Amino acid sequence: MLMNNMISPLDITKASDLLRRGGLVAFPTETVYGLGGDATNEAALRKIFMAKERPFDHPLIVHLADINQLSDWARDVSSDALKLAKACWPGPLTMVLKKQPGVLDVVTGGQDTIGIRIPRHAAAQALLREFGGGIAAPSANRFTRISPTTALAVKEELGNRIDFILDGGHCEVGLESTIIDMSRDEPVILRPGMITPAFLANVLGKPIAVASNEPVRSPGMHHLHYAPRTKTQLVAIDAIADVLHQLTPEDLPTVFVVRSDDAMLHTQHVHWVKMPQDPIQYAHDLYRTLRSLDGEHFKSIIIEEVPNTPEWDAIRDRLAKASAPRS
Ligand code: TXA
Ligand code: MG
């Protein structure tokens, strides 16, 4: 049987064996590709941080196949957390929960909590089932860079630093999971994702707070994160024509990333990329688009702002980070 027309059971076995031996395997999830290691093997996890060039105090998400494994990793799981698990797993939600005492500090960044997710991508599920334990996996990119949504992007980011890449095609969601902290008295969203606060609030029957800035707990909240190398700026649709006219020869070639055809004005050395109007499609395409534009020789990437409505929250968050001022 082939999964996703691409991943064979042989590949799953190979990946699982590598993980058992302390190797690093990149694998597809429905959000982005993860860089996986055995969540109980400290040496393997240290290699993840080295490969990503990521500071050691940033915690990793542990991926599980099944909710039956939850109690191996988390304790005092509230009934609200279980409701969210039932509603969203397998899927693009990470829950921060109180950790079991045996969980390694390298997983949690020395905190008393652990991030857990059950992904739904068929290849991730197959790998997790074959491996049998928890797979700790951050996104498979170098620190501060855009998360990979294809196997080729993983190769560009981490190439020979890792042992194997499972190619599961382009990730369905395209943005990292929503992270909700369920370890405190009240739930708090730490990182917006395509599962919205409104959806989660509806499941729990109460409003849910969204953290504005807690940089220490979640590195996804760092100022410069998910960023292309090319200078990137956000512009309101009404300002596009002005920005275009103010470009000087040193600014060229430039690319504009817009959602509406009317914004596209033809000018020499100015390229236009049309993005979807629908937020789900936009999220799916965003990182792939930014990564490909970053690989060309544009002096800058200018992105049309997206609507200020909840279904665009996660996208606005990533665009703000991609365009944050560089130090
Ligand atoms: O969609 C995703 O979540 C992807 C796929 C591979 O699952 N993973 C991902 O991992 O985005 P990473 O490491 O790039 O981002 C995980 C975020 C980080 O911001 C980290 O700080 C946060 O999860 N996190 C993990 N454990 C945490 C904890 N115990 N408390 C607070 N934040 C935590
Ligand atoms: Mg990441």
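Pro90 sits in the loop that runs from helix H4 (79-88) to strand S5 (93-99). A word on those labels: helices are DSSP runs of H or I with at least four residues, strands are runs of E with at least two, and both are numbered from the N terminus.

Ground rules, quickly. This is a predicted model, where local features need pLDDT of at least 70, side-chain atom pairs count only at pLDDT 80 or more, and totals for chains, interfaces and linings use all residues. Residues are numbered from 1 along each chain as its sequence is written, chains are lettered from A and ligands numbered from 1 in the order in which they are written, and side-chain values use heavy atoms, with hydrogens and water left out.

Why look at these spots? Most peptide bonds are trans, and most residues other than glycine have a negative phi.

Back to Pro90. The bond from Trp89 to Pro90 is cis, with omega near -5°.

Next, Pro253. Leu252 and Pro253 are joined by a cis peptide bond, omega about 0°. Pro253 is in the loop between helix H9 (240-246) and strand S13 (254-258).

Now phi. Asp76 is not a glycine, yet its phi is positive, about 50°. Asp76 lies in the loop between strand S4 (74-75) and H4. Buried or exposed? Asp76 has 58% relative accessibility, so it counts as exposed. The cut-offs: buried is under 20% relative accessible area, exposed is over 50%, partly exposed is in between, with a 1.4 Å probe and protein chains only.

Last one, Thr144. Its phi is positive too, near 75°. Thr144 is in the loop between strand S7 (135-136) and helix H7 (151-158). With a relative accessible area of 25%, Thr144 is partly exposed.
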